[in-house]
Amino acid sequence: MNEVTNNNMETLREGSAAKDKRSETDVTLEDKTLVEPPSALYTLMVEEPAQSDDSSSYSMTLSEFEEDRWYNPTSFSDDAAEIESIQRLIKYIRVGNQTATAIALAALVDYNLRDESTQSIVINTGGTELLINLLETDHNECRHGALAVLNEMSYMLGTRRNLTNLGAIPILVKLLSDRSVDLQILSAETLANVAKIKKGRKFIRKAGGVKLMVDYMDVPHQVLKTESEMLPVVQQKLFSLLCNCSKALWSMSKSDKNKDVMRRSGIIPVMAKLLTSVHEDVVSSIMGIIVNCATQPVFRTAIKEQGMLVDILKLLKSPDIEMMNNAATVTFNCAEDPESRKLIKEQGGLNSLVNIVKVESHKCETKLMEAATGAIWKCLMNPDNVKRLEDINGIHVLVKLLDSDSEDVIANTVASLAECTKIGRNKIALRAADGLVPIIKLLQDTGHERILVNVCRVIDNCASDPLCMEQVVSNDGIRLVWSMMKFDSTLVQSTAGHTLVTLLKNTKESSDIMRSLVTGLVMLVDLLKSHDTRVLAAACAVIGILAKEPENLAILTDYDIVQRLSSLVHTSNSDLQAHLSRAIGSCCLLERNCHTFGRLDVVLPISKYIHSNSDLVKQNVTFALHGLSGDATNCVAMESCGVVPFLMETIASRDPDVQEASAGCLANIRKIALNARRLK
C-alpha cells in the first residue's frame with residue numbers, strides 16, 4: 001500500500017513540475033497520444049425554475065443580468081503540458097485512494113483556478129461533478145481539498161452556474177454545520193460567490209442557508225471590538241466565517257423573499273450589533289444588506305427602532321465613497337416618515353448631506369450624488385429641516401447642482417427647492433442665487449417627468465413674489481408651463497394646469513396673456529376627455545380663468561365646452577367638483593351657455609354639491625349657481641333643490657367673491673319669485 005502511495009505521489013510531483021516548465025517539449029499521455037484542446041465543451045442542460053418561483057421586486061442591473069445568464073468558459077491554454085498535468089490530476093482524484101486524492105487536490109489548488117482556460121480543462125474532464133461528490137465523503141482532507149478547489153473556481157461565472165445546476169448548494173449548506181470551522185469558512189465563501197446569481201440565491205434559501213448564516217454572524221462582542229490580527233486563532237476563524245456569511249447575505253438580500261426569511265431569522269438585531277464593529281469590511285457588508293433591505297417599510301421601521309439610523313448617519317462622514325453612498329442611500333429610504341426626518345436633523349444628518357454635495361470631486365460620483373440629493377429632498381419635507389437648510393445657506397448649494405449631468409440629481413434638487421420655496425423668504429433666496437431662470441429653462445431642456453413636475457411646483461410657489469413673477473414672464477415661463485399641458489404624463493399635465501392658474505392670477509398682463517393662449521384652447525377642451533380626475537380638475541381650473549376673457553369664451557363655446565363640462569357634473573371627486581363649479585360659472589358669462597347648461601340637466605347634480613364635506617367645493621359651487629341663475633328656468637330648479645338656505649349661509653363668507661356670488665344668485669332667484677307672484 002505504501003509503495004503504491006509513494007508511486008502516486010512521485011507521479012503527482014512530476015505532473016505539478018510540468019506546470020512551471022512550459023518551454024519543454026510536448027508532453028504525452030500514457031497512450032502516447034498528443035493532448036489537444038477539445039473543440040467544444042460538454043454543456044450541462046438543466047431546466048430553469050419558473051420565474052414566479054422566486055418573485056422579487058428587485059430589478060436586475062446589466063451586470064446582474066450578465067451573471068444570471070448561462071455562461072460557459074471556452075478558451076483553453078496553449079500549453080499542452082499544463083492541459084495534460086491538470087487532466088492527470090483529475091484522473092488521480094477519480095481513481096486514487098484517499099491519500100492520493102488529497103495530494104492531487106492539494107496540487108490542483110496550486111493552479112490558477114480563477115483563470116478561464118484552467119477552469120475549462122477542469123469542467124471538460126468532469127472535474128466539477130467529481131469534486132462535488134468528494135464533498136459528501138467522510139474523509140476530512142478530501143472534503144477540504146475539494147472545497148478549496150471549488151471555492152477558487154466559484155469566482156468564475158460559469159462555475160457558479162455549474163455548481164447550482166449540479167445540486168451542490170444543498171451540500172455546501174450542509175457543510176456550514178460541519179464540526180470543522182475551516183470547512184464552514186470555505187463553504188460560506190463559496191456560497192457567497194454562488195449567491196451572486198439569482199438561481200443560486202433561490203436554492204440557498206430553499207436549502208436553509210439563510211438561517212445558518214444569520215446565526216454565524218452573531219459573534220461575541222470581543223470579536224467586533226478587537227482588530228483581527230489581535231484576535232486569538234479561534235476567534236479569527238469566527239471572524240472569517242462572519243465576513244463570508246455577511247457577504248453571502250449581502251447578495252441574498254437582493255430578493256424580497258430572502259429579505260423576509262432573513263428578518264424571520266433574526267437578522268435585524270444582529271445588523272444593529274455589527275454596525276458598531278471596528279472592522280470596516282464587516283460594516284461595509286452590513287451596509288450593503290441594509291441598503292437592499294431598507295426598501296421595505298418593516299426594515300425601515302426596525303432601522304429606526306433599533307437605533308441603526310444614528311450609526312448610519314455617522315457614516316455620511318466616512319472617507320470611503322462606497323460607504324458614504326450606502327449611508328446616503330439608506331438615509332434616503334428611511335426619510336419617509338416625520339420621525340425619521342426629525343432624527344436626521346437632530347443628528348446633524350442634513351448638514352452631512354449638504355457637505356457631501358458641496359464637494360466638487362463628488363460630482364462625478366453619480367450614485368452618491370443621486371442618493372445624497374434624494375435624501376436632502378426627503379428631509380426637506382420637514383419644515384424644521386428647511387429652516388436648518390436656510391441657516392447653512394443650502395439653497396445656494398442646491399442651485400449649483402442644476403447643471404448636473406444626472407437627471408435624477410436635477411430632479412431631486414428641483415424637488416428640494418420646491419419644498420423650500422413654500423416659505424416666502426426662500427423665494428427671495430432662490431432669486432438671489434440666480435436659480436429661478438435656469439429652473440424655468442428646464443421646461444424646454446428635458447422630458448424627465450419628475451423634473452417637469454417639480455419645476456412647475458417651484459414656479460407655482462414663486463408666483464406670489466412680484467420680482468419672481470417678472471422673471472417668469474420675461475423668460476417666457478407662462479407659455480412654457482402652458483406647453484406642459486400637452487405632455488404625455490397626466491401628472492405633468494395636472495401640475496402644469498394648476499401652476500398656470502396661479503400664474504394667470506398673479507400676472508399684471510393676464511388679459512393679454514390669456515388672449516395669446518387662444519391657439520391652445522382646442523387642446524384644453526380635448527383634455528376634458530381624460531380619464532384622470534387630476535387632469536380634468538386642472539383643465540377645469542384653467543378654463544375657469546381663461547373663460548373670463550370674452551374672446552376665449554366664444555372660442556371655447558364653439559368647441560362644445562358646455563357639453564364637455566356638463567358630462568362631468570356627476571363626479572364624486574371633490575377636487576374636480578370644486579374646479580368644475582368655477583369653470584361652469586365662468587362659461588355662464590355667455591348668456592346662451594347658461595340656458596344650454598339648464599337644458600343639459602346640470603342644475604340638479606350641481607345643486608347637490610352644497611351637501612359636500614369639502615369647504616372648497618361649497619365655496620366654488622356658489623360661482624356655478626350664480627352663473628346658472630342667469631336663466632329663469634334654472635332659478636326655479638335651484639330653488640326647488642333647496643339652495644336658498646345654503647346661499648344665506650355662504651353670503652356671510654369671509655371671501656368677498658363668495659359673498660358676491662351668493663348674493664347675486666339670491667337676487668336672481670328672488671327676482672324670478674317676484675315676477676311669478678305678479679303673474680299670479
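In helix α6 (residues 127-134), Thr128, Leu131, Ile132 and Leu134 meet Arg143, Ala146, Val149, Leu150 and Met153 of α7, where contact means heavy atoms within 4.5 Å. Helices (H or I, at least four residues) are DSSP runs numbered from the N terminus. The residues of this α6 and α7 contact divide into seven nonpolar, one polar and one charged; Ala, Val, Leu, Ile, Met, Phe, Trp, Tyr, Cys and Pro count as nonpolar, Asp, Glu, Lys and Arg as charged, and the others, Gly among them, as polar. The model is predicted, with local features needing pLDDT of at least 70 and side-chain atom pairs counting only at pLDDT 80 or more, while totals for chains, interfaces and linings use all residues. Residues are numbered from 1 along each chain as its sequence is written, and side-chain values use heavy atoms, with hydrogens and water left out.

The axes of α6 and helix α7 (residues 140-153) come within 8 Å and cross at roughly 135 degrees; axes are lines fitted to C-alpha atoms, for helices over the stretch in contact, and angles run from 0 to 180 degrees between N-to-C directions. That angle makes α6 oblique to α7, given that angles under 35 degrees count as roughly parallel, over 145 as roughly antiparallel, 65 to 115 as roughly perpendicular and the rest as oblique. The crossing of α6 past α7 is left-handed, meaning that the near helix is turned anticlockwise from the far one by less than a right angle.

Helix α14 (residues 233-252) packs on helix α17 (residues 280-293) at an angle of about 25 degrees, with the axes 9 Å apart. The two helices, α14 and α17, are therefore roughly parallel to each other, and α14 passes α17 in a left-handed crossing. Residues of α14 in this contact include Phe239, Leu242 and Trp250, and those of α17 include Val282, Ile286 and Ile289. By class, the contact of α14 with α17 has eight nonpolar, five polar and two charged residues.

The axes of α38 and α41 come within 7 Å and cross at roughly 25 degrees, which makes α38 roughly parallel to α41. Their crossing is left-handed. Among the residues in contact are Gln577, Arg582 and Ile584 of α38 and Leu616, Asn620 and Phe623 of α41.

The second largest pocket holds about 670 Å³ of space. Of the 26 residues that line this pocket, Gly544, Lys548, Arg582, Ser586 and Phe623 are the closest to its centre. Helices that each supply at least two lining residues include α38 (574-587) and α41 (615-628), and α41 gives the most, with six residues. A pocket is an open set of points on a 1 Å grid over the protein atoms alone, where a 1.4 Å probe fits, with protein on both sides within 12 Å along at least five of seven lines; lining residues have an atom within 4 Å of a point.

Key
Grid points are joined across faces, edges and corners, and a volume is the space filled by probe spheres set on the points.
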